[in-house]
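Trainee: Could you take me through one part of this model at close range? I would like to look at the surroundings of the ligand.

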Amino acid sequence: MELAGIVGKANVGKSTLFTALTMIEVPAANFPFTTTKPNRGVTYLRVTCVCRELGVKDSPGNSLCVDGMRFVPISIIDCPGIVRGAHAGRGMGLQFLDEIRQADALIVVVDASGGTDDDGNPVQPGSHDPVEDVRMVEDEMDLWMADLLQKDWNRLVRLVETKQSTFQAEVARKMSGLRINEQSAEAALESAELDGSTPSKWTQQDVLLYVRTLRRSTKPMIIAANKADVPTSREGIRGLVDAGYDVVPCSAEAEKLLRLASKKGVLKYSPGDESFEVLETAKLTTDQRRALERVADFMARNGGTGVQRLIDKVYLEVLKYVPVFPVEDPNTLTDSKGRVLPDVYLVKEGSTPRDLAYKIHSDLGESFLYAVDARTKMRLSSDYRLKSGDVVSIVSAARR
Ligand SMILES: Nc1nc2c(ncn2[C@@H]2O[C@H](COP(=O)(O)OP(=O)(O)O)[C@@H](O)[C@H]2O)c(=O)[nH]1
Ligand SMILES: [Mg+2]
């Protein structure tokens, strides 16, 4: 399953965001995974389901359909708070970095209202620049990756310069735990315009430029501009956008409140909705009613709480994943158990039907013959690039 890491300094709302994202009314037993650690959970990417367009009632398997929206599970981790100097062991040190090795992307949470200092202490709202918090996370990661790369540097130099190995092969070996492969290691050399054949000539600046380039392509970040419900967040959000980051203004606290209330049946709200509907006004205390009014005001200004948008933006816009619906029978749109439109798979932009087959199962990839578009019943060419919402049936040698 895809995995996103929640990172940032102390007291910005990481745990509130994690709780909100993972509070879901789904019988977890329906899904073939369980939470093994307290800071690991499952959240959902929200995409439009094809059931309405195709006029069928679906029976989802690996994902859920609620009112025509499909929710696709994504693992998330709430990481320990990070401080400057973490790469050298300060605070919780490298623990946060260890947690995110396997992540596809990072959600960097900041207090956009500027009410939290470097060490997580509350300060006058508007007095701290949230851009500094993002820079801190970036710098700590870069220094950590530079240390990793430079461990046994002399050996790397010797192997590469005597042509017993290549720079990208050595990087991939050192950083395979971070899911960095030769291809991304080589691409980073190119975009940083560095010569991988003579690492002995690299300066410390070159090393930092290289790891920064590599980090940006392999661990992309989105900024959760949290506490956007606080008025001073406006300026903070503008600063983050001007600095060129991918920013989603949000309120983790508002989302948490809505999910709790919806769980209790007090209101109707699905993650990602732009508003909510109160079902049982009589049950609310005056304080609760006021709290919900404030949330409603914020949502009207922000187009929702922003929390679901974080996940959707990470996977659909930053990582450019494409949701597709594989089925076994293109006529009935079912799998072998007769379930209609059971699954959604997330494939990388540019993936072919064969890539999808491999993603489903390596055996299916190996025995892949061709795929059929369930809408048109036409065979897809082998270089066809899958599109969002494609419904495809894979024909394999094994299944014939
Ligand atoms: N105003 C506001 N406060 C929030 C929001 N999210 C979290 N907080 C508050 O920020 C403080 C720190 O939250 P927490 O989740 O423990 O932060 P963490 O240390 O980053 O995990 C708590 O007092 C939260 O109630 C939000 O969206 N708006
Ligand atoms: Mg926390």
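Mentor: Happy to! Keep in mind that this is a predicted model. Around ligand 1 there are 16 residues, and the closest are Gly13, Lys14, Ser15, Thr16 and Glu253. Two elements give two or more residues to this shell: α1 (14-22) and α10 (252-263). Of these, α1 gives the most, with 3 residues. Sorted by class, the shell holds 8 polar residues, along with 4 nonpolar and 4 charged ones.

Now follow those helices to where they meet. The axes of α1 and α10 come within 8 Å, crossing at roughly 35°, and the crossing is left-handed. On the α1 side, Thr16, Leu17, Thr19 and Ala20 make the contact, while α10 brings Ala252, Glu253, Glu255, Lys256 and Arg259. By class, this contact has 4 charged, 3 nonpolar and 2 polar residues.

Because 4 of its 5 residues are buried, β1 is largely enclosed by the rest of the structure. This strand has two partners to look at. With strand β4 (residues 69-78), β1 pairs in the parallel sense over 4 bridges, and there Ala4 stands opposite Ile76. With strand β5 (residues 105-111), the pairing is parallel over 4 bridges, and Gly5 has Leu106 as its bridge partner.

Key. Residues numbered from 1 in each chain as written. Chains lettered and ligands numbered in written order. Predicted model: local features only at pLDDT ≥ 70, side-chain atom pairs only at ≥ 80, totals over all residues. Buried ≥ 20, exposed ≤ 12 C-beta atoms within 10 Å, placed from the backbone. Pairing = 2+ DSSP bridges. Near = placed C-beta within 6 Å. Nonpolar A, V, L, I, M, F, W, Y, C, P; charged D, E, K, R; others polar. Axes fitted to C-alpha atoms, helices over the stretch in contact; angles between N-to-C directions. Left-handed = near helix turned anticlockwise from the far one by under 90°. Contact = placed C-beta atoms within 7 Å.
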